[in-house]
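Me: I'm new to this one. Can you show me the structure and walk me through it?

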Amino acid sequence: MKIAYIAGCPRSGSTLMNRVLGAHPDAVTLGSVKKLGKILQKRQPCCCGAASLLECPFWSKVDAELKNQGASLNGLCLHTRKNSRFAEDNLALFSAIQKVTGAKVLVDSSRRTSRLQRLAKISGLEVVPVHLYKTPLVQAGSWKRKGRNLAQFVSDYWARNVRILNACRNNPKALMLSYEHFCENPKSELSRLFMAFGLDVDADVLSSWGTRPIHTLGGNRMKFNPSSEINVDEGWRDVLSPMEVRVMQAACGVLWRTMHNRQFGHGVEEIDRQSETYGA
């Protein structure tokens, strides 16, 4: 069973990737799977419009399949520290989803490196890590709009991305994915992802992903947007002061270049162009 795991910082573009990848007929995007228990406990609605997950056509079928196996959505513990229970419950969930949907690839965008590493150890799962990252200014702009502290952003940007880099260092299946490069070159980048996941390249995805029904866990308001347009987030230009721009460039630019080098090799021209465009 193949799991595409999106790892990265909060506000890194994972909701967009969930929407686009989930439009492939052989893929199902689940969103942040680690949030399943909390969403069930708080009886939060599904993004499809259902009043709760257990009233959602998709998740209710998954629950019914789990019950056939002697389990249930409410009974799963997907982030327990006990490794045997972690493996058993996550494998049960993914197996039920695959049986209900027939999908070849399930996309988990829980983002956390610790979950990625634990999933990779489960027998029966083939985990393909996708390290999704943004330039520092685009990422910082997203954080500031949410009222978050920029000093904390710098710490988080370094800590999360370095952990992911280390976790994927010797993994030949791991993919790097620049949010900005994806938005500028969605056709080629999406084809690269689909081929890495073992899926046929589906040209219709880019024209219709916004209209496809989704049942993802977590995510931002983009999950409700019916548009299939893909645009780079330029909001940082309006919210970051000139001083904040300089600080973010100095504090995070080296790490961004390291990630960009990991994806593109020694693509100096590409790095210089994006550095000039996005102030990395």
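The chat below covers pockets and helix packing.

Reply: Keep in mind that this is a predicted model. Where do you want to start?

Me: Which residues are closest to its centre?

Reply: R11, T15, G219, N220 and R221. The lining of the largest pocket has 47 residues in total.

Me: Which element gives the largest share of that lining?

Reply: Helix α1, with five residues. At least two residues each come from α1 (14–21), α2 (36–41), β3 (105–111) and α6 (136–145).

Me: How does the lining of the largest pocket split by class?

Reply: It has 18 polar, 16 nonpolar and 13 charged residues.

Me: Switching to helices. How do you describe a packed pair?

Reply: By the angle between the two axes and the distance between them.

Me: So what are those values for α3 and α4?

Reply: Helix α3 (residues 57–68) and helix α4 (residues 83–101) pack at about 115°, and their axes are 9 Å apart. The crossing of α3 and α4 is right-handed.

Me: Which residues meet there?

Reply: On the α3 side, F58, W59, K61, V62, E65 and L66. On the α4 side, A92, L93, A96, I97, K99, V100 and T101. By class, the α3 and α4 contact has nine nonpolar, three charged and one polar residues.

Me: Now α5 and α7. Where do their axes run?

Reply: The axes of α5 (residues 113–120) and α7 (residues 150–168) come within 10 Å and cross at roughly 20°. So α5 is roughly parallel to α7.

Me: Is that crossing left-handed or right-handed?

Reply: The α5 and α7 crossing is right-handed.

Me: Who makes the contact?

Reply: From α5, T113, L116 and Q117. From α7, R160, R163, I164, A167 and C168. The α5 and α7 contact counts four nonpolar, two polar and two charged residues.

How values were computed
Residues numbered from 1 in each chain as written. Predicted model: local features only at pLDDT ≥ 70, side-chain atom pairs only at ≥ 80, totals over all residues. Heavy atoms only, no water. Axes fitted to C-alpha atoms, helices over the stretch in contact; angles between N-to-C directions. Helix = DSSP H or I, 4+ residues; strand = E, 2+ residues; numbered from the N terminus. Parallel < 35°, antiparallel > 145°, perpendicular 65-115°, else oblique. Left-handed = near helix turned anticlockwise from the far one by under 90°. Contact = heavy atoms within 4.5 Å. Nonpolar A, V, L, I, M, F, W, Y, C, P; charged D, E, K, R; others polar. 1 Å grid on protein atoms, 1.4 Å probe; cavity = no way out; pocket = protein on both sides within 12 Å on 5 of 7 lines; lining within 4 Å.
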